[in-house]
Amino acid sequence: MGACLALCSLASCASCLCGSAPCLLCGCCPSSNNSTITRLVFSFFLLLGTMVSVIMILPGMETQLRKIPGFCQGGTSIPGIENQVNCDVIVGYKSVFRMCFAMTCFFFLFSAIMIRVHSSKDPRAAIQNGFWFFKFLILIGITVGAFFIPDGAFDSVWFYFGLVGSFIFILIQLILLIDFAHSWNKAWVENAENRDNKCWFAGLLSFTALHYALAITAVVLFYVYYTQPDDCTEHKVFISLNLIFCVIISIVSILPKIQEAQPHSGLLQASIISLYTMYVTWSAMTNNPNRKCNPSLLTLVSNVSTSELSGDSNAGQVQWWDAQGVVGLVIFLFCTLYASIRSSSNAQVNRLMQTEEGGGSGGEGTVGEDGKRRAVDNEEEGVTYSYSFFHFHLCLASLYIMMTLTNWYQPDTNTQAMRSTMPAVWVKMSSSWLGLGLYLWTLVAPFMFPDRDFN
């Protein structure tokens, strides 16, 4: 009897996996909109791939990965294919490159398919919001195929794809953080005004002070540990420039003319952007190949002098887990979840992210004829977000995850090692400068062009 009930339950789940997003509600999810459920499931696919990549890069996985035919030197071989790399160093990174390549191809495929879908009445909307089991099979198939890509130029070329994609994704993360800070500030200010409770203002002031305190602390630590009196000129320039830029956006955000044009702009948004800018600066400096200017976290904790490290002593050494990488993953997870459930009233951000105002808000779940709850199809008249852009965003997120998990190291098949490179440093720094410029533009644009609708 128990087996029959289990079989029926499994059949019900299978029908949900092959059906639409509303069916995924199936009595276990809260009432929500069809568009939100779909984005959450696709985000789950991305997070699942990220978890697999993390597992594959763990120390000790080399033995298991050597069992894959033709995958690395010393393992099971395939006739005509011979790998000439140091598997103890690079095999984990090869796995991440190929896993993220599969996810990138998967999301890029759906991004191309979903171009110009305007409502759920479009036949392609059924593909977007359903057939999850088959989508999962497609992802698995692409992943299996990616692991049989032969060595050669693939890793080096794909590294530069990762650089470009990560550069764009860092900007998207910054846009999402701006939107989050804007929504946070607006909600707490309205609560303080409507409820006549000054505790909301105190909370905003406390978090703003905390963010600035962390940013200032980071600047001090950067000067202490990532610069030398007679070296590390680039780091001194990076830290000083970003500190000046953060002061500028903080001052501009509270100017009377800016406040008049944008009543909800303030120091909370500027403090979050400043803190994120300091994180990107730190992340960039950790990729400097000069070990005197880039002490590892273990070196700092162990109190080892950077003078003891030579420029070539760590050329092939791989640091599997890096503190900035962990922070990057946390920010990535937050932004991915926020992008899936966001409901923004910021018209500028909505235009940039190709979403509609209030598109991510929850709806009233409906009850089907079988008595099970279903999500609301809130896209019959028009989609609440661009299907194509959402998948493109996840495509870029896959590239960013690849670079983050591999510490932005560049594979060098000639020396059979992984090494830090200056291009990764400049990509991160340029993305921080462009992001600061974008935020500054969102502040001054309504003032410079009062005739245009920025609200």
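A pocket, as the word is used here, is an open set of grid points where a 1.4 Å probe fits, with protein on both sides within 12 Å along at least five of seven lines. In this predicted model, the largest pocket holds about 450 Å³ of space.

**The largest pocket**

- The lining of the largest pocket is made up of 17 residues, and those closest to its centre are Leu275, Tyr276, Tyr279, Val327 and Ile331.
- Helix 8, helix 9 (199–225), helix 12 (267–285) and helix 14 (323–341) each supply at least two residues of this lining, and helix 12 gives the most, with six residues.
- Tyr276, which is among the lining residues closest to the pocket centre, touches Ile170, Gln173, Leu174, Leu177 and Ile331 when residues up to four places away in sequence are not counted.

**The nonpolar core**

- The largest nonpolar core contains 84 residues, of which Phe42, Phe107, Phe222, Tyr276, Met402 and Trp408 touch the most other members.
- Helix 8 (residues 154–195) contributes the largest share of this core, namely 14 residues.
- As a general background, nonpolar side chains in soluble globular proteins tend to be buried together.

**Aromatic rings**

- Across the whole structure, a search finds 25 aromatic pairs, and one of them joins Phe45 and Phe106 in a tilted arrangement, with 6.1 Å from centre to centre and 55° between the planes.
- Because Phe45 lies in helix 3 (residues 34–56) and Phe106 lies in helix 5, this pair ties together parts of the chain that are 61 residues apart in sequence.
- Phe45 has a relative accessible area of 7% and therefore counts as buried, and Phe106 is also buried, with a value of 0%; the cut-off for this word is a relative accessible area under 20%.
- Ring pairs link Phe45 and Phe106 with Phe42, Phe107, Phe110, Trp132 and Phe136 into a cluster.
- Trp132, a member of that cluster, also has the charged end of Lys135 sitting over its ring, 3.8 Å from the ring centre.

**Positive phi angles outside glycine**

- Arg116 has a positive phi of about 65° although it is not a glycine, and it is found in the loop between helix 5 (87–113) and helix 6 (123–129).
- With a relative accessible area of 63%, Arg116 is exposed.
- Phe131 is likewise a residue other than glycine with a positive phi, in this case near 55°, and its place is the loop between helix 6 and helix 7 (132–146).
- The relative accessible area of Phe131 is 39%, so this residue is described as partly exposed.

**Two further residues in helices**

- His393 is found in helix 16 (residues 387–405) and is buried, with a relative accessible area of 3%.
- Leaving aside residues up to four places away in sequence, His393 touches Phe169, Ile172, Leu176 and Ala339.
- Val52 belongs to helix 3 and is partly exposed, with a relative accessible area of 32%.
- Although Val52 and Ser95 are 43 residues apart along the chain, their C-alpha atoms are separated by 9.5 Å.

Note on methods. Residues numbered from 1 in each chain as written. Predicted model: local features only at pLDDT ≥ 70, side-chain atom pairs only at ≥ 80, totals over all residues. Heavy atoms only, no water. Helix = DSSP H or I, 4+ residues; strand = E, 2+ residues; numbered from the N terminus. Buried < 20%, exposed > 50% of the residue type's maximum accessible area, 1.4 Å probe, protein only. Phe/Tyr/Trp six-rings, centres within 6.5 Å; stacked < 30°, edge-to-face > 60°. Lys NZ or Arg CZ within 6 Å of the ring centre and 35° of its normal. Contact = heavy atoms within 4.5 Å. Core = buried A, V, L, I, M, F, W, Y, C linked by side-chain atoms within 4.5 Å. 1 Å grid on protein atoms, 1.4 Å probe; cavity = no way out; pocket = protein on both sides within 12 Å on 5 of 7 lines; lining within 4 Å. Points joined across faces, edges and corners; volume = space filled by probe spheres on them.
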